[in-house]
Amino acid sequence: MQHLFSRHLICPICKKGEVLADGKAKVTISVMCPKCKSFFLADLDTMQTEKTTAQKRLGRMK
Ligand SMILES: [Zn+2]
């Protein structure tokens, strides 16, 4: 019985990099493309990928 939730996400920026995402939660994750080192968002529920323009830096308060 295989209940693997590994999904292949293709980088929306270079369309060459592939990221393997584990998880079955309906969440959006931020991953880095191994090819072009760009960050993009991946919705594990809909399997849609989205470019991110800027990285959100949490923990920096001004
Ligand atoms: Zn890429």
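**View 1. Contacts along the chain of this predicted model.** Let us start with how far contacts reach: of those in the chain between residues at least 6 apart in sequence, 21% join residues at least 24 apart. The model shown here is predicted. The chain holds zero helices and five strands, and reading from the N terminus its elements run β-β-β-β-β. Of the 62 residues in the chain, 8% are buried.

**View 2. The open sheet of E3, E4 and E5.** Three strands make up this open sheet, in the order E3-E4-E5, with antiparallel pairing. Strand E3 (28-32) and strand E5 (48-51) stand at the edges, and each has a single partner strand, so one side of each lacks a neighbour in the sheet. From one strand to the next, the twist averages 30°.

**View 3. The E3-E4 pairing, bridge by bridge.** Strand E4 covers residues 39-43 and runs antiparallel to E3, with five bridges joining the two. You can follow the pairing along the strands: Thr28 has Asp43 in E4 as its bridge partner, Ser30 is bridged to Leu41 in E4, and Met32 stands opposite Phe39 in E4.

**View 4. Met32 in strand E3.** Here we zoom in on Met32, which has its place in strand E3. How many other C-beta atoms lie within 10 Å of Met32? There are 13, and Met32 is therefore partly exposed; a residue would need 12 or fewer to be exposed and 20 or more to be buried. Setting aside neighbours within four places in sequence, Met32 is in contact with Lys37 and Phe39. The C-alpha atoms of Met32 and Glu18 are separated by 9.5 Å, with the two residues 14 apart along the chain.

**View 5. The E3-E4 hairpin and Lys37.** E3 and E4 form a hairpin that has six residues between the strands. Lys37 is found in the loop between E3 and E4. Lys37 counts as exposed because it has 11 C-beta neighbours inside 10 Å. Across the model, the C-alpha atoms of Lys37 and Cys11 lie 9.7 Å from each other, although these residues are 26 apart along the chain.

**View 6. From E4 to E5.** Four bridges join E4 to E5, and the two strands run antiparallel. One of the pairs to look for is Phe40 with its bridge partner Lys51 in E5. The hairpin of E4 and E5 has four residues between the strands, and in this hairpin Met47 takes a positive phi near 60°.

**View 7. The two faces of E4.** Which residues of E4 are on the covered face, and which are on the uncovered one? Phe40 and Ala42 are on the covered face, while Phe39, Leu41 and Asp43 are on the uncovered face. In general, side chains in a regular strand alternate between the two faces of the sheet.

**View 8. The nonpolar core and Cys11.** The largest nonpolar core has five residues, namely Leu9, Cys11, Cys33, Phe40 and Ala42. Phe40 and Ala42 also form the covered face of E4. Now for the surroundings of Cys11: leaving out its neighbours within four places in sequence, Cys11 is in contact with Lys16, Gly17, Cys33, Lys35, Cys36, Ser38 and Phe40. Among these contacts, Cys33 and Phe40 are also members of the core. As a general note, nonpolar side chains in soluble globular proteins tend to be buried together.

**View 9. Lys15 in the E1-E2 loop.** Our last stop is Lys15, which is found in the loop between strand E1 (7-10) and strand E2 (18-21). Lys15 is not a glycine, yet its phi is positive, at about 60°. Is Lys15 buried or exposed? Lys15 has 12 other C-beta atoms within 10 Å and is therefore exposed.

Terms used
Residues are numbered from 1 along each chain as its sequence is written. This is a predicted model: local features need pLDDT of at least 70, side-chain atom pairs count only at pLDDT 80 or more; totals for chains, interfaces and linings use all residues. Two strands pair if DSSP finds at least two bridges between them. Axes are lines fitted to C-alpha atoms, for helices over the stretch in contact, and angles run from 0 to 180 degrees between N-to-C directions. Two residues are in contact if their C-beta atoms, placed from the backbone, lie within 7 Å. A nonpolar core is a set of buried Ala, Val, Leu, Ile, Met, Phe, Trp, Tyr and Cys residues joined through C-beta atoms within 7 Å.
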